[in-house]
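I want to go through the fold and the charged pairs here.

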Amino acid sequence: MDKSITITDRTKAFAIRIIKACSFLDEKPGICRTLSKQLLRSGTSIGANVHESRSAQSNKDFLHKMEIALKEARETEYWLEILIESEVVDKSKFDPLLREADEIVKILVASTRKIKERLSGNKFRSKKIVVARDKHSEFTPP
């Protein structure tokens with residue numbers, strides 16, 4: 001994936017791919033529909049929380065929203081693994097989604113770690129927190 005894309009854009013594109021995958025799953029009977037709902041909820045929530053972090057009221061609020069996005073990304077990985085390993089879906093079709101979820105998790109882990117380091121140091125109060133090269137996720141404390 002293009003390294004210049006922001007985490008906001010990347011998670012939005014991922015959510016769109018998840019929606020398409022869930023539309024495919026909804027066409028199948030039985031358990032696929034149940035798992036589709038779980039995958040849809042967690043897979044679209046990642047981007048929603050990253051997007052919401054842009055309006056954070058403080059650095060701690062920003063961190064909280066990014067941590068929720070991370071939790072949702074890990075849950076999405078889980079549902080994708082379950083679908084693939086149970087052979088409910090074709091691995092070749094869903095493996096790229098799983099790899100992208102893993103990349104998003106790595107970005108969010110690095111981002112939240114960086115934010116925590118800055119918050120614990122308190123020496124960065126007057127500096128912007130910039131996460132994962134995301135120009136939309138900047139926050140300058142008052």
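Predicted model: local features only at pLDDT ≥ 70, side-chain atom pairs only at ≥ 80, totals over all residues.

Definition down before anything else: I call it a salt bridge when a side-chain nitrogen of Lys or Arg lies within 4 Å of a carboxyl oxygen of Asp or Glu. Residues are numbered from 1 along each chain as its sequence is written, and side-chain values use heavy atoms, with hydrogens and water left out.

**Entry: glutamate 67.** I looked up its partner and found lysine 116, with the closest N and O atoms 3.1 Å apart in a salt bridge. This pair ties distant parts of the chain together, from glutamate 67 in helix H3 to lysine 116 in helix H4 (residues 91-121), 49 residues apart. My helices (H or I, at least four residues) and strands (E, at least two) are DSSP runs, numbered from the N terminus. For exposure I use relative accessible area: buried is under 20%, exposed is over 50%, and partly exposed is in between (1.4 Å probe, protein chains only). Glutamate 67 comes out partly exposed at 25%, and lysine 116 is partly exposed at 43%.

**Entry: glutamate 72.** Which residue does glutamate 72 form a salt bridge with? I get arginine 41, with 3.3 Å between the closest N and O atoms. Again the pair links distant parts of the chain, with glutamate 72 in helix H3 (residues 59-85) and arginine 41 in helix H2, 31 residues apart. Glutamate 72 counts as buried because its relative accessibility is 13%, while arginine 41 is partly exposed at 38%. I also see Arg41, Glu72 and Glu75 linked in a network of salt bridges.

**Entry: serine 42.** I find serine 42 in helix H2 (residues 31-53), and it is buried at 0% relative accessible area. Leaving out residues up to four places away in sequence, serine 42 touches Glu72, Glu75, Thr76 and Trp79; a contact here means heavy atoms within 4.5 Å.

**Entry: lysine 106.** Its side chain meets that of glutamate 103 in a salt bridge (3.9 Å, N to O). Lysine 106 is partly exposed at 47%, as is glutamate 103 at 33%.

**Entry: whole protein.** I count nine salt bridges in the structure. The protein has four helices and zero strands, reading α-α-α-α along the sequence. Of its 142 residues, 42% count as buried.
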